[in-house]
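Open the model in your viewer and keep the selection tool ready. The tour below goes from one selection to the next.

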Amino acid sequence: MESLVDRAEVTPRTPESATVLRIFQRRREEHAALFVAEMRDLASLWSEDDEHDEKALHALAAAVGLRTKLTRGEDRLRDAHVALTDLPSCFARVGEGALPVEWFEWLIRSVLRLSPHQRRQVDERVAAWQLESIDVERFYRELHALVVWFGRAAVQETPQEQRSVSLAPSSDGDGTACLMIRGPIPEISAFGQRLDAAARAVQDAQRRALDTGAPIAFDLDGVAAREGRQLSLSALQYAIAVRSQLDTGAVQVPDPAFRLSLVVPVLTLLGRSNAPATLDGTIPIPPRMARELAAKAPTFERVLTDPVTGEYLPSASRTYRPSAAMAENLRLIDPVCAVPGCSRNVMTVGEMDHIEEFDLEAPTHGGPTSIENLHRLCRRHHRMKSAGLLDPVRERETGATRWRLADTAVCDVAANTDLVTRELADRLRAAWQRYGDELEFEAMISTGAFDESRAEDADQAEAYRWGCHLIDYYSRTEYDEADDPGPPPLTPLPGQGPPPY
């Protein structure tokens with residue numbers, strides 16, 4: 001304990017040192033015990049004999065229990081299996097309180113690329129370390145050296161295995177995103193050289209077009225035509241990369257190959273609010289960009305909803321296929337898969353599903369084609385629902401959905417109808433109230449409610465005369481305050497009686 005206090009750089013036998021020791025004991029005992037119990041429970045959901053869908057179902061159940069995303073549930077199941085199967089000695093040291101939970105989680109991540117035999121070798125050596133007497137930096141450093149020693153070829157994926165394309169929206173919500181292409185250096189370098197060569201060729205063509213007056217290729221927003229000079233290489237590389245036709249060989253890409261879903265609050269569209277819009281249901285974009293996109297859109301799909309709750313207003317369809325407006329509204333309600341924990345975006349690729357099955361032979365006896373009985377699922381979970389592994393039931397009164405994951409878990413999910421934020425709803429009510437007040441005020445003006453009567457006009461005129469009379473009386477040079485009989489009466493105007501003063 002004294003070495004711990006020394007490493008914390010606090011004075012022994014002080015309130016600060018007592019706090020450090022309490023934190024240490026809590027993580028050594030309570031935190032470690034909870035972690036060990038949770039890992040044992042998660043490991044019990046793992047079976048090497050499970051088929052693909054069964055593993056996915058167990059991962060979904062784990063995500064529900066952990067209240068986390070599906071991908072995190074899959075990772076925790078895998079980690080628990082690795083911990084109990086391949087790292088049993090270190091897992092026991094966690095239970096003893098000698099190996100901190102955070103260190104052990106780092107150990108799991110470090111050995112994932114190793115074979116089971118290599119993991120057990122690392123496990124034996126790390127468990128034999130004097131874990132109570134080393135600091136975190138030394139642990140990470142020694143562990144890295146050990147993992148490299150036992151599995152040098154397996155520590156990292158090969159360049160070919162790391163091929164990937166990922167989209168990362170800006171965390172600032174400034175309307176930008178980054179498309180990252182990862183792969184072997186020769187392939188990526190060759191792609192960059194081809195893109196550069198294409199941009200230089202287009203730049204030469206733009207230069208010739210400006211000289212001859214011909215149409216300008218790849219002129220983003222007409223910038224080259226307005227400025228009278230060719231675009232920069234970086235601008236052309238971007239234009240070629242995002243506007244060129246993708247060549248998929250003999251594979252036919254469905255038409256349309258791409259759709260852009262933009263949801264703009266009506267007050268933002270009208271410039272009365274700066275609430276952000278959303279792209280594909282999940283990516284916030286600035287109001288100005290939303291207005292520009294809406295202005296350039298060739299067509300709109302109007303979705304009629306309640307302005308405050310966001311609930312869909314038209315009646316249910318009698319056919320299996322929802323209407324276009326219903327489909328758009330479903331995309332707004334479920335931009336990601338409706339299965340709890342799944343984070344797959346289904347704005348474009350997802351599938352609509354009847355919660356209570358639609359009866360094709362007798363439509364009036366099965367589940368209706370209505371927003372209350374529909375949701376959007378990713379293809380994987382739609383297939384699992386069709387196979388009976390997932391069973392959703394929607395409560396008619398509250399709109400909540402109860403998901404039964406085979407015999408593994410039950411999860412209740414509230415309906416997602418918050419298409420208009422509370423702030424926008426309040427602004428909408430305030431704007432409507434102001435509009436009503438203005439109409440009422442204009443009506444009162446038009447009916448003369450504020451016009452003064454002739455009697456009121458006469459009274460005001462007489463009061464003004466009396467005020468002038470008083471000022472004239474008390475400002476005279478011969479006025480004597482000690483002997484003041486008061487001002488003389490005012491001569492009445494023709495047709496009027498004496499003033500009431």
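Helices here are DSSP runs of H or I with at least four residues, and they are numbered from the N terminus. The model is a predicted one.

Begin with residues 422-446, which are helix α16. Glu-440 is found in this helix.

Next, go to the aromatic rings. How many aromatic pairs are there? The count is six. For one of them, select Trp-103 and Phe-139, whose rings are stacked. Their centres are 4.7 Å apart, and the angle between the planes is 25°. Stacked applies because planes under 30 degrees apart are counted that way. Trp-103 belongs to helix α6 (residues 101-111) and Phe-139 to helix α8 (residues 136-150), so this pair ties together parts 36 residues apart in sequence.

Are these two residues buried or exposed? Trp-103 is buried, at 11% relative accessible area. Phe-139 is buried too, with a relative accessibility of 0%.

For the last stop, select Val-165, Leu-167, Leu-179, Ile-181, Ile-188 and Phe-191. These residues form a nonpolar surface patch, and their accessible area together is about 560 Å². Two or more residues of the patch come from each of β1 (164-169), β2 (177-182) and α9 (185-212). Pick out Leu-167, which sits in strand β1. Leu-167 is exposed, with 56% relative accessibility.

Note on methods:
Residues numbered from 1 in each chain as written. Predicted model: local features only at pLDDT ≥ 70, side-chain atom pairs only at ≥ 80, totals over all residues. Heavy atoms only, no water. Phe/Tyr/Trp six-rings, centres within 6.5 Å; stacked < 30°, edge-to-face > 60°. Buried < 20%, exposed > 50% of the residue type's maximum accessible area, 1.4 Å probe, protein only. Patch = residues over 30% accessible without salt bridge, like charges linked within 9 Å, V, L, I, M, F, W, Y side chains within 5 Å. Areas by Shrake-Rupley, 256 points an atom, 1.4 Å probe, with all protein chains shown as cover. Salt bridge = Lys/Arg side-chain N within 4 Å of Asp/Glu carboxyl O.
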